[in-house]
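Work through the following exercises with the sequence and the model open side by side. Each task is followed by a solution that goes step by step.

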Amino acid sequence: DGNADLDQAAVDGLLAALTDAKESLKARAVTADYSALKEAETALKAKIADEIKITVSSLAQMKEHLGSAAEYLEATEEAKQNISADEIKELTKILFEAQPVLRGSIAGLKEYFDACKQAYGFSETDTNGYFIGSYADYLDRMYEAEALFAPDIVADMSQAEIDVYYDALKAKVDALVKQADRTAFDAAVEKAKAAKEAEYTVSSYKNLQTVYREITATYEKAPEQLLQEEVDGALEKINAALSALEKKGDKAVLNEYLALYSGEDANDYTKKSFGGFSAALYEANKAKRSDDVSQPDVDAAAAALKAAYEKLERLGDKTELTQMLADAKKIDATKLDEMKASDLKKAIDYVQALVDFDGEITQTQVTEAENLLKIAVENSKVTEGGCKSVIGFTAVGTLLCFAAAVCMIRKKRCDNAKN
């Protein structure tokens, strides 16, 4: 009847509380538990008997475990009433499994440190011939290693921890990079600095100055700040610019040709030949005025001008040829034999075509026509025992060539008329 006022929720709450209370009950430690703890304590004491071989922090931890064991083992009977078996068993396990950390030997690291100091130096003011970046890393590891040599530091380090510093130092030693050999680079820069602007073409000297400015930062670095690849790259650039330097051309010959050939009159020569000469003369004057021409360019301009001058074709003067033609026409061909009359007619026809041609005739053509007509006229005067015809001997070839030329001239006249 006393539970008549309890509802189901209240009953469930009481049941849960009783269950929790039951589960929280712990078995009290018994003699066997304490005996096992004592055995574990004895075993751990044996492990740390030689304290000098154990790291400071590890020894402190071991002694802390032993202190906990002593508290349990030395507890009064009344206190033991509140010590559970689980507590004793857990501490017993800890003591059995505890492994003290042995102190490491610094001897190997110290020996390597001394060897490095001897071989690579140990100074912040002298990189001993090494690139400053790699040497700074090396110094950092050396300082770290040196700090371990203090007794209070190494007393709390295991061999594995000491070996980490050894390996770190060795890695930086292996990574040391020799400072760059800048001998060739410095020599090339000095050569570039010594180059005189007045001796070289504008473009090649300007290119050298541009490259020099690009490599100046490398040149001004201290040796220990330079890597070999940086020096080699800068050296390649400055050498290329030096190789590309072009000496200004000596214009003595060019000026001589200009003085000789500059006074020619276009009206004295054929248009085609004077056109080529005019272009060559322009380029020669351009080279003369320029400060950016090399010797090959100057020589080429001079040679082109000379060649163009030699190819000039002077226009022919027909005055004398016209008079010779008039005189030749006065010869009475009826008094000549057939062969002489034929030769004279061919010569007169050719010269007439040349005189009548309104295009450009060279002086060479005029002179050849004069010679041909002169031969024909002279031949017409030969007496009966002399040469019977201009066609004889070598004159026949000359006559045939000029006869062909007549046809060509006439064709050219027709073409000009069409145009």
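**Exercise 1: a serine in a helix**

Task: locate Ser-134 among the secondary-structure elements, and describe what surrounds the residue.

Solution. Ser-134 belongs to helix α7, which covers residues 132-147; helices here are DSSP runs of H or I with at least four residues, strands are runs of E with at least two, and both are numbered from the N terminus. The model is a predicted one, in which local features need pLDDT of at least 70 and side-chain atom pairs count only at pLDDT 80 or more, while totals for chains, interfaces and linings use all residues. Residues are numbered from 1 along each chain as its sequence is written, and side-chain values use heavy atoms, with hydrogens and water left out.

The next step is accessibility: Ser-134 counts as buried because its relative accessibility is 9% (buried means under 20% relative accessible area, exposed over 50%, and partly exposed in between, with a 1.4 Å probe and protein chains only). The side chain of Ser-134 reaches the backbone oxygen of Phe-131 at 3.0 Å. Once neighbours within four places in sequence are set aside, Ser-134 is in contact with Ala-175, Leu-176 and Val-177, where contact means heavy atoms within 4.5 Å.

**Exercise 2: the packing of α7 against α9**

Task: determine how α7 and α9 are oriented relative to each other, and list the residues through which they meet.

Solution. Two packed helices are described by the angle between their axes and the distance between the axes. The axes of α7 and helix α9 (residues 159-174) cross at roughly 160° and come within 9 Å; axes are lines fitted to C-alpha atoms, for helices over the stretch in contact, and angles run from 0 to 180 degrees between N-to-C directions. The two helices α7 and α9 are therefore roughly antiparallel, since angles over 145 degrees count as such, whereas those under 35 count as roughly parallel, 65 to 115 as roughly perpendicular and the rest as oblique.

On the α7 side, Asp-137, Tyr-138, Arg-141, Met-142, Glu-144 and Ala-145 take part, and they meet Tyr-165, Ala-168, Leu-169, Lys-172 and Val-173 of α9. Sorted by class, this contact of α7 with α9 holds seven nonpolar, no polar and four charged residues (Ala, Val, Leu, Ile, Met, Phe, Trp, Tyr, Cys and Pro count as nonpolar, Asp, Glu, Lys and Arg as charged, and the others, Gly among them, as polar).

**Exercise 3: the packing of α3 against α5**

Task: carry out the analysis for α3 and α5, giving the angle and the distance between their axes.

Solution. Helix α3 (residues 56-73) packs with helix α5 (residues 85-97) at an angle of about 145°, and their axes are 10 Å apart. The residues His-65, Leu-66, Ser-68, Ala-69 and Tyr-72 in α3 meet Glu-87, Ile-88, Leu-91, Ile-94 and Leu-95 in α5. By class, the contact of α3 with α5 comprises seven nonpolar, two polar and one charged residues.

**Exercise 4: two loop residues**

Task: say where Asn-128 and Ser-84 are found, and whether each is buried or partly exposed.

Solution. Asn-128 is in the loop between α6 (107-120) and α7, and with a relative accessible area of 32% it is partly exposed. Although Asn-128 is not a glycine, it has a positive phi of about 60°. Most residues other than glycine have a negative phi.

Ser-84, in turn, lies in the loop between α4 (77-80) and α5, and is buried, with a relative accessible area of 6%. Not counting residues up to four places away in sequence, Ser-84 touches Lys-26, Ala-27, Arg-28 and Ala-29.

Key: Polar contact = N/O pair within 3.5 Å; in protein donor to acceptor, adjacent residues only side chain to side chain.
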